[in-house]
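This briefing covers the salt bridges of one protein model. Please look at the structure shown here before reading on.

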Amino acid sequence: MIMNLKKYMMNEMNFDRIEDFLDGGLSDDQLKEFEKDLLDDPDLQMDLDLHQEVDEAIVENDIMNLRSKLEAIELPKKEEQKRKYKYLTKWNIVAASLALFIGLGSLMFLVNNKGTYSNEKVYSNYYKPYEIVVNTRSADANIDNMLVTALKSYEAKDYRTALKLFKQILDKDSTNITSNFYSGISNLEISEYQKANKNFTKVIRHKNNLFIEQSEWYLGFCYLMTNEREKAIKQFNIIAKGNSFYKAKAQEILNKLE
């Protein structure tokens, strides 16, 4: 843990970006750049993980009191000693505070003390696009060929092109489950949450396909990102009480939302 703190303090330049990310303060372009950097930069991911750990572990009143005491300490007058304190920033104080809590044996209590997560934070932590699984074949060879092309665009993360191709398929066959499901994921990827909701609802109402559990799972994220938190909780409750593949993760999400 101490090694992580030292590593973190060496990467303070990431603080503002991480804080804006967690607070939802990044623009769309900044968010895309940040998410790309997370994939390319393990140190940035480590900074984000530790930042989240600190947020969850520190009780605000206690840390504010401790911070006041630390900031009230008179700095040495000698120039050599002053240099030792030059880099004492607010995150050094937070890191020192966290170390103190560990030393006092309070960390486990703080970590287990549940706090309410934002919808965006739950989405960021648990949402991942679905991998390609083609489980149906239509009677129309043209539709099959279009579906293969659409899925290639989806796999290349060209979601807007994929959506256009899925729409062409659905215009010919509105019951094409594969196109409806992957349209839903594509709409999530471009932040069209209401449209994604409609796609997943169609799959669920069809009742006779292999994408029902997945659609129920992703529908919960649609509700989160349209600020329908109660509906999201209800949806994840349904999953957690059933025998879905997503049962355990749904319960984890409920623990953070409720």
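In which helix do lysine 167 and aspartate 171 both lie, and how many residues apart are they? Both lie in helix H11 (residues 159–172), four residues apart, about one turn of the helix. Helices here are DSSP runs of H or I of at least four residues, numbered from the N terminus. The model is predicted: local features need pLDDT of at least 70, side-chain atom pairs count only at pLDDT 80 or more, and totals for chains, interfaces and linings use all residues. Residues are numbered from 1 along each chain as its sequence is written, and side-chain values use heavy atoms, with hydrogens and water left out.

**Salt bridges**

- A search of the whole structure finds three salt bridges, each defined as a side-chain nitrogen of Lys or Arg within 4 Å of a carboxyl oxygen of Asp or Glu.
- Lysine 167 pairs with aspartate 171, with the closest N and O atoms 3.2 Å apart.
- Lysine 36 pairs with aspartate 40, and their closest N and O atoms are 3.0 Å apart.
- Both lysine 36 and aspartate 40 belong to helix H3 (residues 28–40), where they are four residues apart, about one turn of the helix.
- Lysine 231 bridges to glutamate 228, the closest N and O atoms being 3.2 Å apart.

**Accessibility**

- Buried means under 20% relative accessible area, exposed over 50%, and partly exposed in between (1.4 Å probe, protein chains only).
- Lysine 36 is exposed because its relative accessibility is 53%, and aspartate 40 is exposed at 51%.
- Aspartate 171 is exposed, with a relative accessible area of 56%.
- Lysine 231 is partly exposed at 44%, and glutamate 228 is partly exposed at 23%.

Technical notes: Helices (H or I, at least four residues) and strands (E, at least two) are DSSP runs, numbered from the N terminus.
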